[in-house]
Amino acid sequence: MFFEFGIKDIIDIILVALMLYYIYKLMKESRSLNVFIGIMLFVLMWLFVSQVLEMRLLGSIMDKLVSVGVIGLIVLFKDEIRKFLYQIGEHQRVRNFVKFFSQKKVSSGEEDKETIMPIVWACMDMARSKVGALIVIQRAIPLEDIVQTGEVIDATVNKLLIENIFFKNSPLHDGAMVISKKRIKAAGCILPVSHSMDIPKELGLRHRAAMGISQDSDAIGIVVSEETGRISVAIKGKFRLRLSAEELESLLAKELAEE
């Protein structure tokens, strides 16, 4: 048996170990580590009962539990599975491979500037007045489900319109604005809230919502803090805090150029 152990077996073991380590990290981040440990103990006990002790009755019962349990795990960990698959698709090499075969037209810098500058100017004015705002810029992944939670507008990106929507007495100022294909698609939208423990405690619900949409999609979340007037951006599950007008413009131009 020792001599039948080849290079493919070594690769197999390494890949399984890497997969289990990645799942362990994912469960730890989502505070489901105890559930993961419980599942692993159950699987080891199942293998021991059915393969080592060869207890047919108990092994058969556990076989049925494992079969049904797979469906239960998919339902229980649907958010973690979605995040895992999204991170695979978001990997830079995978994106480059997809871009190589796509015939997508490269966007013009001037066209992007027509969208970026009104957002930057509006954010700076709202920051000076300490008016809270949450703006989401859609990229490759559609946000139609998010758009449907708010009021559809479908208007040209305009500085005054952005400021009026987030004015404190506006009925839409508490929700998020979604910008897609260089147009304001909707306002007053509801976003998924991130429960990440890494978000600083001084950041509020708008920041958690921006982080949530950046974790669930490739969208850009821009936040103007109502308390401090500071501008933050959430991209790919990471924050850029305390941005100036120049930094915000440069960041948006760079990210939108990579679409």
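Modeller: Let's start with Lys185, which has a relative accessibility of 25% and therefore counts as partly exposed. Please keep in mind as we go that this is a predicted model. The side chain of Lys185 forms a salt bridge with Asp154, and the closest N and O atoms of the two are 3.7 Å apart. This pair links distant parts of the chain, with Lys185 in strand S4 (residues 183-189) and Asp154 in strand S2 (residues 151-156), 31 residues apart. Asp154 is also partly exposed, because its relative accessibility is 38%.

The two strands that carry this pair are themselves partners: S2 and S4 run antiparallel and are joined by four bridges. To see one spot where they meet, find Glu151, whose bridge partner in S4 is Ala187.

Now let's step back to the sheet around them. Seven strands form an open sheet with mixed pairing, and reading across it gives the order S2-S4-S3-S1-S5-S6-S7. S2 and strand S7 (238-240) stand at the edges with a single partner strand each, so one side of each has no neighbour in the sheet. On average, neighbouring strands here are turned by 20 degrees against each other, direction ignored.

With strand S3 (residues 176-180), S1 pairs in the parallel sense over three bridges. With strand S5 (residues 220-224), S1 runs antiparallel, and five bridges join the two. On this side, Ala133 stands opposite Val224 in S5.

How many of the five residues of strand S1 are buried? Five of the five in S1 (residues 133-137) are, so the strand is largely enclosed by the rest of the structure. Ala133, Ile135 and Ile137 point one way, Leu134 and Val136 point the other way, and all of these are buried. For the protein chain as a whole, buried residues make up 35% of the 259 residues.

Salt bridges bring us to the surroundings, and the structure holds seven of them. One of them joins Glu255 and Arg139, with the closest N and O atoms 2.9 Å apart. Glu255 lies in helix H10 (residues 245-257) and Arg139 in the loop between S1 and helix H7 (144-147), so this pair ties together parts that are 116 residues apart in sequence. Both Glu255 and Arg139 are buried.

Another salt bridge joins the side chains of Asp125 and Arg128, at 2.4 Å from N to O. These two residues are three apart in helix H6 (residues 109-129), which means that about one helical turn separates them. Arg128 is exposed, with a relative accessible area of 63%. The pair also belongs to a network of salt bridges that links Asp125, Arg128, Lys159 and Glu163.

Finally, here is the whole chain around our starting point. The protein chain has ten helices and seven strands. Among its contacts between residues at least 6 apart in sequence, 61% join residues at least 24 apart. Its accessible surface comes to about 16800 Å², with 62% belonging to carbon and sulfur atoms.

Definitions and conventions
Residues are numbered from 1 along each chain as its sequence is written. This is a predicted model: local features need pLDDT of at least 70, side-chain atom pairs count only at pLDDT 80 or more; totals for chains, interfaces and linings use all residues. Side-chain values use heavy atoms; hydrogens and water are left out. Buried means under 20% relative accessible area, exposed over 50%, partly exposed in between (1.4 Å probe, protein chains only). Two strands pair if DSSP finds at least two bridges between them. Contact means heavy atoms within 4.5 Å. Accessible areas come from the Shrake-Rupley method with a 1.4 Å probe; for residues, only the protein chains shown count as cover. A salt bridge is a side-chain nitrogen of Lys or Arg within 4 Å of a carboxyl oxygen of Asp or Glu. Axes are lines fitted to C-alpha atoms, for helices over the stretch in contact, and angles run from 0 to 180 degrees between N-to-C directions.
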